[in-house]
Amino acid sequence: MKIAVAGKGGVGKTTLSSLLARSYAAEGRRVLAIDADPDANLATAVGLPRERLAELKPIAAMKQIAVERTGHAGGYGGFFKLNPTVDDLPESLSVTHAGVKILSLGAIEHGGSGCVCPEHALLRALMTHILVLRDDVVVMDMEAGVEHLGRGTADSVACLVIVVEPGQRSLETGRQIERLAADLGIRRLAYVGSKVGSAEDLAFLRAALPAGQFMGALSLSPELQRADREGRAPYDLGGAVLDEALAIRRNLEAWVARPLPEKTPCA
């Protein structure tokens with residue numbers, strides 16, 4: 001099971017990603033949680049103690065590793081490998097908490113438009129290895145875009161989950177993500193509601209989203225807000241928060257198990 005989770009900033013995608021990752025790890029599954037959002041918060045949401053956060057370094061910032069693995073000699077326009085060896089990196093660069101291996105990809109600073117740098121080559125090879133060759137459960141916490149996915153890896157994602165709040169601006173971001181996903185050939189999309197405070201909110205989302213693609217919702221929860229302030233993992237709250245997340249997971253698994261209609265990108 002390989003899931004990418006996207007949505008506008010602050011919508012709750014990191015909360016959902018952490019709940020899914022921890023729920024799979026609690027069953028003894030091998031889980032790799034990938035923070036692909038430059039505003040990296042997934043490790044904290046999974047529950048990694050603050051004193052261990054320094055152990056988790058963004059891979060895109062590790063220029064020395066990129067140089068070593070790609071054979072880049074330095075200087076603008078130099079030659080380097082586009083398929084560096086990366087199979088050891090998920091273990092050597094991840095930090096483990098509660099059975100979840102956490103990787104932070106970080107953001108690449110391009111030297112110019114369309115630049116393909118050693119760091120980019122390293123990340124692209126790493127994503128191919130993780131999504132195509134490894135058998136872990138993978139949960140990717142994306143930013144609003146899907147920049148870390150490419151045409152060679154996008155079709156290995158079982159489902160792209162778009163997290164939305166009950167509001168028009170959040171829905172418009174969701175539609176933009178749909179268009180980006182279609183460009184990459186991602187055929188299976190799902191929606192999850194977040195910060196749903198009433199039956200009216202829930203009805204709004206059900207009416208606005210494509211039929212059959214709404215997997216459920218996380219409620220607007222004082223407990224979640226308090227856990228965020230205190231730096232606690234949402235999964236450790238248990239109770240209604242975990243029940244909602246597990247219901248969403250069951251719906252996602254059932255959705256992924258269904259065959260897709262031919263030539264239908266978003267159904």
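Two strands are taken to pair if DSSP finds at least two bridges between them, and strands (E, at least two residues) and helices (H or I, at least four) are DSSP runs numbered from the N terminus. The model is predicted, so that local features need pLDDT of at least 70 and side-chain atom pairs count only at pLDDT 80 or more, whereas totals for chains, interfaces and linings use all residues. Residues are numbered from 1 along each chain as its sequence is written, and side-chain values use heavy atoms, with hydrogens and water left out.

In this model β7 and β8 pair in the parallel sense over 3 bridges, and G193 stands opposite A217 in β8. Both strands belong to an open sheet of 8 strands with mixed pairing, in the order β3-β4-β2-β5-β1-β6-β7-β8. Because β3 (95–97) and β8 stand at the edges with a single partner strand each, one side of each is left without a neighbour in the sheet. From one strand to the next, the twist averages 25°.

Helix α9 lies across β1, β6, β7 and β8, running at about 170° to β8, where angles run from 0 to 180 degrees between N-to-C directions and axes are lines fitted to C-alpha atoms, for helices over the stretch in contact. Helix α9 (residues 239–257) also packs with helix α1 (residues 13–25) at an angle of about 80°, the axes being 10 Å apart. The helices α1 and α9 are therefore roughly perpendicular to each other, a term that covers angles of 65 to 115 degrees. Their contact (heavy atoms within 4.5 Å) is made by residues including L16, L19 and L20 of α1 and L246, I248 and L252 of α9.

A98 lies in the loop between β3 and β4 (100–104) and is partly exposed, with a relative accessible area of 42%, whereas K195 is found in strand β7 and counts as partly exposed at 35% relative accessibility. Buried means under 20% relative accessible area, exposed over 50% and partly exposed in between, for a 1.4 Å probe and protein chains only.

Note on methods: Parallel < 35°, antiparallel > 145°, perpendicular 65-115°, else oblique.
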